[in-house]
Amino acid sequence: MNTFFIAGGLGLAYLLWPRAPFRRLGLTLVIVALPLTGFIFLSGWDAVGLPDVPTNLWGGLMVTIVVAAVGIATALPVGILLALGRRSHLVIVRWLSIGLIELPRGVPLVTVLFMANTMLPLFLPTGLNPDKLVRALVGITFFAAAYLAEIIRGGLQAIPRGQYEAASALGLGYWKTMVLIILPQALKVAVPNIVSINIGLFKDTSLLLIVGIFDFLSTIETARIDPRWAAPTISTTGYAFAAVVYFSFCFGMSRYGALIERRLSRDHGR
């Protein structure tokens with residue numbers, strides 16, 4: 001699992017990083033990591049001498065990073081599909097997309113997590129009961145995707161009508177027009193808001209304790225009240241360390257978003 005996320009992160013860095021040497025290094029590491037990921041997925045962790053740890057034993061910073069990474073990686077494509085569905089001329093698709101957007105946006109994230117934890121198994125076949133971490137991932141993904149869908153829809157509305165007409169004049173179909181012409185421009189406009197949603201999603205992982213998942217902040221809180229760690233400075237140092245970690249991740253995402261904006265602005269200026 002960790003190898004999978006490392007490979008995905010390096011692949012994203014390869015696509016977005018502006019300097020060629022780093023891109024070549026990222027591509028090399030991805031080529032090495034993906035076969036290892038496939039081998040572990042097919043053979044299990046026992047094949048490499050590591051025990052298989054169930055997700056109910058996961059906790060701490062790893063849970064925060066995994067939930068945030070999966071939520072960020074999956075919410076954007078789902079948000080794009082919902083944004084396109086809301087602008088669709090098909091009535092069923094449009095109203096279904098509106099419902100999937102407005103329902104998560106109308107309730108707090110805590111409510112979405114409770115619904116995912118208690119109601120998701122009711123909609124699945126008998127015998128298929130995902131663990132709490134998977135349910136939380138589904139809830140967080142749809143919650144973030146609902147907000148991203150409206151941001152992307154705003155970017156789509158900012159594209160001039162002439163872009164659609166030019167694509168039609170070239171004989172491009174709907175999906176080619178969206179993928180090759182419209183969506184790249186819309187996502188460029190929406191980059192600052194997308195980064196803001198991703199930063200908020202990373203911080204909202206602290207709500208996982210509501211459904212019994214111990215994230216990074218929950219682990220610090222548990223250590224603070226543990227008699228074996230009791231000391232006058234535990235609370236201060238623990239929360240100070242949590243603040244440093246959250247600030248580092250959020251500031252890093254903010255600066256990376258600014259880097260993407262500058263790169264896209266230079267490409268647009270050419």
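Which residues of the largest nonpolar core touch the most other members?

Reply: This is a predicted model, in which local features need pLDDT of at least 70 and side-chain atom pairs count only at pLDDT 80 or more, while totals for chains, interfaces and linings use all residues. Residues are numbered from 1 along each chain as its sequence is written, and side-chain values use heavy atoms, with hydrogens and water left out.

The largest nonpolar core has 40 residues, and those touching the most other members are Val67, Leu113, Ile140, Leu156, Ile182, Leu208 and Ile213. A nonpolar core here is a set of buried Ala, Val, Leu, Ile, Met, Phe, Trp, Tyr and Cys residues joined through side-chain atoms within 4.5 Å. Buried means under 20% relative accessible area, exposed over 50%, and partly exposed in between (1.4 Å probe, protein chains only). Helices are DSSP runs of H or I, at least four residues, numbered from the N terminus.

At least two residues of this core come from each of α3, α5, α6, α7 (161-169) and α8 (174-204). The most come from α6, with 12 residues. Beyond its neighbours within four places in sequence, Ile182 is in contact (heavy atoms within 4.5 Å) with Leu156, Ile159, Gln163, Tyr164 and Thr177. A second, separate core has 11 residues, among them Ala68, Phe216, Ala242 and Cys250.

Helix α4 (residues 91-105) buries Ser97, Ile98, Ile101 and Pro104. The cover over these buried residues includes α3 (61-86), α5 (109-118) and α6 (132-157). On the other side of α4, Ile92, Trp95, Leu96 and Leu103 are exposed.
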